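Colleague: I would like to learn how labels are given to parts of a model. Please show me the structure, and then I will ask.

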Amino acid sequence: AGPSSLGPLARDDVVQVQPQLRGRPVCGLTPADFPYTYEVLSAKQNFDHVFTVVVEDDEGLTDISDPAEMTVLVPETGAQKCIYPDELNPDVLAVSSWISGVVYADDAIVAVGTRDVGDGPRLTVWKFDRDGCGVLPGWPIPVGSWTKRADVKTSMSGGTAVAVDEEGNIVVGGFSLVNLEPRRYIAMLSSTGSRVWEEIGQVGEEIAGVAVAPKPKAAVFAVGWRRSGLDPKPTDAMIWHHMPDDGTPSPPDILAAPFTPDEPNPDEKNEYSEWARAVVIEPSTGYAFVVGEREYRDNNFQLPTRTFAVRYNALTGVVGDPWTSPGSSFFHDSADAVVVCGHQFLAAGWRRDDAPNALPAPLIQWFTADGSPAGLRSLPLTPVHLRGIACDREGKLVGAGTRDGVLKDVQVFAVIDDALVWYDQGSAGDDEAVAVSCDRRGFCAWGGYRTKDGKRYAVVRAHHP
């Protein structure tokens, strides 16, 4: 997949140029628009391309060129482009490692996760070659190489989320352990891995997603949850945001029941949990669009899990009322990931029926540009949780998840019309896919781990569109 350049030869008096493919117009151009780039997006374009060009001069006379042929033969959708590790790129120093977040950026595949080289697990950032998946020189970089905080440098830690801004800076979210309890940690690194800034939160706070709004409305967002008390549950969903230049934090926003005044059970004792799971930036407004899950006590005094979504302005806070799934399609539903696809948002997670021994299945939910729900679709895969979702250049949905069982199995696939096209269904051992991202060209990469000799090892695999 990639671009081809077309450049017709014509007289100086030509004013209109119309490239044609197999006799059908492709577009209308002028001589100034050449050379014209024709993009091959995927294997659906595997056929002999016969181009002609119709030109028109300033007197309205037309002529047509001789045919020019180009054969397109690209790998099938989902075919492996590259994988880490392979025989040439083993991570021989790691005792264990795994990846939690991936961004397929313009210069590299950027990943965050956790790596142990013998002194305990540490938050780690990788950069991989975007075409070969090999680790770039100087990477991976553990938190101890950039942090100025002695407690973070010496403590066990882990990475949970990653984003890349328009200048190539890397925002990482994760945690540092304090007496085995998580403490929120966020940092911005330069494209070469040096610290721009870092911030540490409170014990009991955790980050699940990060995003960066572009200039001029630049802001760094992190979403997750905090414990409401000393126990792991209940929790309140949280939205934190920082100034991008120096990390200066603003007061966080807490999302706890009731989200709206008309909820049947307002949770006055704060007994129910909410978790913000993922965040993206609305292209038109610079707002953050946040999805997650909450325990929602309904009129029947049952406590199902329900998806919620909320828009957030860094200057004014929550925009409008948060939306909570009505549960009209499934008793339990949840969103763990979100992506911008065209003029919509897509959220990925799971759903489950209210029946004994009911198993979870993947769930994709659509939202309009203003955050309104626009539909949902459950996929016939059980017991599978979707952990990541992406949208490639053709608009295909690419999901990354895990089939739960005695051994976990990677589940990575594209949704094309009503069919699933499999990219990866796991290996012989325990493995998971927890994040996926597509680049501008349409290639998609997922991250997670595979198991060898009972130990987890980070994996990144890229696929053709």
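**Labels and their cut-offs**

Modeller: Start with a salt bridge: the side chains of D131 and R441 meet in one, at 2.9 Å from N to O. D131 lies in the loop between β11 and β12 and R441 in the loop between β33 and β34, so the pair ties together parts that are 310 residues apart in sequence. Helices (H or I, at least four residues) and strands (E, at least two) are DSSP runs, numbered from the N terminus. Bear in mind that this is a predicted model: local features need pLDDT of at least 70, side-chain atom pairs count only at pLDDT 80 or more, and totals for chains, interfaces and linings use all residues. Residues are numbered from 1 along each chain as its sequence is written, and side-chain values use heavy atoms, with hydrogens and water left out.

Colleague: Why is the pair D131 and R441 called a salt bridge?

Modeller: The rule asks for a side-chain nitrogen of Lys or Arg within 4 Å of a carboxyl oxygen of Asp or Glu. Here N to O is 2.9 Å, so the pair of D131 and R441 qualifies. Side chains of opposite charge can pair when their charged atoms come close. By this rule the count comes to 25 salt bridges.

Colleague: What makes D439 and R130 a salt bridge?

Modeller: Their N to O distance is 3.4 Å. D439 lies in the loop between β33 (431–438) and β34 (444–452), and R130 in the loop between β11 and β12, so parts 309 residues apart in sequence are tied together.

Colleague: Which residues are linked with D439 in a network of salt bridges?

Modeller: K81, R130, D131 and R441 are linked with D439 in that network. K81 is found in strand β8. A polar contact of 3.4 Å also joins the side chains of K81 and D131. The term polar contact means a pair of N or O atoms within 3.5 Å; within protein, one must be able to donate a hydrogen and the other to accept it, and residues adjacent in sequence count only if both atoms are side-chain atoms.

Colleague: How do you know whether D439 is buried or exposed?

Modeller: Buried means under 20% relative accessible area, exposed over 50%, partly exposed in between (1.4 Å probe, protein chains only). D439 has 6%, so D439 is buried. R130 has 17%, so R130 counts as buried. D131 has 37%, so D131 is partly exposed. K81 has 23%, so K81 is partly exposed too.

Colleague: And L93: why is L93 called exposed?

Modeller: L93 has 61% relative accessibility, so L93 counts as exposed. L93 lies in the loop between β8 (80–84) and β9 (96–104).

Colleague: How do you know that C82 and C133 form a disulfide?

Modeller: A disulfide is a pair of cysteine sulfur atoms within 2.5 Å. From S to S, C82 and C133 are 2.0 Å apart. So this pair passes. C82 lies in strand β8 and C133 in the loop between β11 (121–128) and β12 (141–142), so the bond ties together parts 51 residues apart in sequence.

Colleague: What makes the disulfide of C82 and C133 right-handed?

Modeller: The torsion about the S-S bond is about 55 degrees, so the disulfide is right-handed.

Colleague: How many disulfides does a search of the whole structure find?

Modeller: It finds 3 disulfides. Among them is the pair C438 and C444, with sulfur atoms 2.0 Å apart. C444 has 2% relative accessibility, so C444 counts as buried.
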